[in-house]
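Could you walk me through this protein chain, from its overall make-up down to a few individual side chains? I would like a plain explanation that I can follow with the structure open beside me.

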Amino acid sequence: MQTPLGLTVMGLIIIFVTVGILIRGRVNPIIPMTLVPVVGALICGFGLGEISDFFSEGLTSVINVVVMFIFAIIFFGILQDVGLFTPVIRALIKATRGKVMAVTLGTAAIGIVAHLDGSGSTTFLITIPALLPLYRALHMSRYILITIVAMAASVMNMVPWGGPLGRAGAVVTQEPNAIWVQLLPIQGVAIVLVFLLAALLGWKEQRRLAGLRESGELTGGTAVDVDALADDFSAAQVREQQKLGYHFRAGRWVTVVNVVVALAVLAALLSGVVPPAPAFLIATTITLAINFSGSMEQGEALRRHAPNALAMAGVILAAAMFLGVLNETKMLEEIALTLVNVLPEGVAPHLHVIVGFFGVPLDLLTSTDAYYFSVLPIVQGTVESFGVSGMGAACALIIGNVVGTFVSPFSPALWLALGLAEGQMGKYLKLAFPIAWIFSAILVAVALFRLKGHFVWINRCGFPGQP
């Protein structure tokens with residue numbers, strides 16, 4: 001079974017079986033990503049000692065990502081707990097003044113701020129209960145609310161402590177921070193597009209409501225007490241803090257220190273002065289010491305966010321086994337060589353771009369884990385023989401897929417959002433899916449755009465045609 005053909009067949013079996021189990025969603029991703037490759041390697045004749053070596057090689061490539069995830073999730077979780085972002089969101093709610101287009105633009109801004117911690121569930125828990133009363137008071141569609149927040153959160157998922165970059169970094173052996181630096185320009189474009197989308201949806205909603213009033217289907221005034229809604233949001237955040245079960249320090253100097261630490265971390269990530277893992281470790285310890293007075297409160301803060309941190313870290317650690325087996329046994333290499341021989345000559349060098357354009361539909365067919373741990377390795381192995389770097393393959397697939405993060409029914413956070421807004425998946429997908437796919441295609445096209453005969457920033461990631 002260790003012949004080229006045998007390795008190719010077994011590699012494809014491992015990938016398809018893993019993807020199938022992940023799609024069914026009956027078990028935790030850690031189980032198939034660990035057991036399936038182990039069984040496949042044993043069938044191919046590799047011993048347990050060799051499989052241990054494969055895991056060690058895979059672990060070497062992902063350990064920094066694991067450490068970064070653990071402490072980044074805890075760090076931003078603590079900042080959410082102490083209410084660092086509450087005044088910003090409160091101010092944005094008040095700034096809308098009950099105007100339809102201002103509300104949609106404000107929703108985009110709130111979604112971007114709320115998703116700084118990289119957690120979709122937290123983002124929806126903060127934004128939807130705060131904004132749904134405003135949308136109801138103005139007779140606006142709840143599906144527009146969910147769509148705008150989902151698009152804003154998806155765009156912010158390009159941060160290095162978000163799931164997509166961590167998974168992609170583990171596959172192509174790159175620091176998530178290094179990928180983020182390459183993606184920053186396209187993330188800036190995406191944020192602008194989110195606000196343009198919010199303005200367009202606000203304009204359409206404004207026209208729809210005007211038509212309803214003209215037909216007499218909608219009556220009554222449109223005045224909304226946004227100050228009261230902002231006060232309700234603040235009160236809800238205070239109640240959530242009281243439920244935490246531990247106390248933290250309050251005061252202007254604590255807030256100032258928290259802001260300074262957060263900005264320092266971002267500066268470190270952008271400049272590369274300190275790698276992400278130690279940067280978030282140091283930042284987390286500072287916030288624990290500043291915000292909590294004793295070891296008991298600090299321990300409670302860690303325990304509160306440990307489940308989220310360990311859940312993501314566990315997936316990445318399981319990926320060390322999955323990728324270690326596929327890489328070290330040369331299965332991925334043989335699959336890539338087979339694809340190069342099978343695909344038409346003009347397709348193989350651009351496979352990463354083609355997959356990028358279909359990233360959102362693929363998110364409906366596969367889970368996020370399956371997309372990055374199964375599709376990306378094959379694409380990377382195929383295009384690298386044409387001079388495309390692992391960074392280039394990762395950038396293309398992230399840009400094409402990340403906008404669909406909260407469009408896929410495989411996203412638990414999306415089901416939470418629909419529950420909070422009392423919405424239906426079908427109606428939401430009818431609005432959000434075409435928007436997300438068009439949005440994604442525009443981003444991929446922008447990334448490939450030529451300006452005065454030269455490729456823009458994305459070509460530095462290794463797209464074909466690099467000068």
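Predicted model: local features only at pLDDT ≥ 70, side-chain atom pairs only at ≥ 80, totals over all residues.

The chain holds 20 helices and two strands. Of its 467 residues, 53% are buried. If you take the contacts in the chain with a separation of 6 or more, 80% of them are between residues 24 or more positions apart. The accessible surface amounts to about 19500 Å², and carbon and sulfur atoms contribute 65% of that area.

Now find helix α17, which covers residues 368–383. From first C-alpha to last, its 16 residues reach 21 Å, close to the 22 Å expected at 1.5 Å a residue. Follow the helix along and you will come to a kink of about 35° at L376, shortly before the proline P377. Why can α17 be called largely enclosed by the rest of the structure? It is because 14 of its 16 residues are buried.

Next, look at V100, which sits in helix α5 (residues 100–114). Its relative accessibility is 11%, and buried means under 20%, so V100 counts as buried. Leaving aside residues up to four places away in sequence, V100 touches M140, G202, E205, Q206 and L209. One of these, L209, lies 109 residues from V100 along the chain, yet their C-alpha atoms are separated by 9.5 Å.

Finally, turn to the aromatic rings, where the count comes to eight pairs. In one of them, F124 and F406 have ring centres 5.4 Å apart and planes at 85°, so this pair is edge-to-face. The pair links distant parts of the chain, 282 residues apart: F124 belongs to helix α6 (residues 120–137), while F406 is in the loop between α18 (390–401) and α19 (412–421). Both F124 and F406 are buried.

F433 and W437 make a tilted pair, with 5.8 Å from centre to centre and 50° between the planes. These two residues are four apart in helix α20 (residues 425–447), so about one helical turn separates them. An α-helix has 3.6 residues a turn, so residues three or four places apart point the same way. W437 has a relative accessibility of 31%, so this residue counts as partly exposed. To finish the tour, look for F75, F76 and F280, which together form one aromatic cluster.

Terms used
Residues numbered from 1 in each chain as written. Heavy atoms only, no water. Expected span 1.5 Å × (residues − 1). Bend = angle between axes of the 7 residues up to and from the residue. Buried < 20%, exposed > 50% of the residue type's maximum accessible area, 1.4 Å probe, protein only. Contact = heavy atoms within 4.5 Å. Areas by Shrake-Rupley, 256 points an atom, 1.4 Å probe, with all protein chains shown as cover. Phe/Tyr/Trp six-rings, centres within 6.5 Å; stacked < 30°, edge-to-face > 60°.
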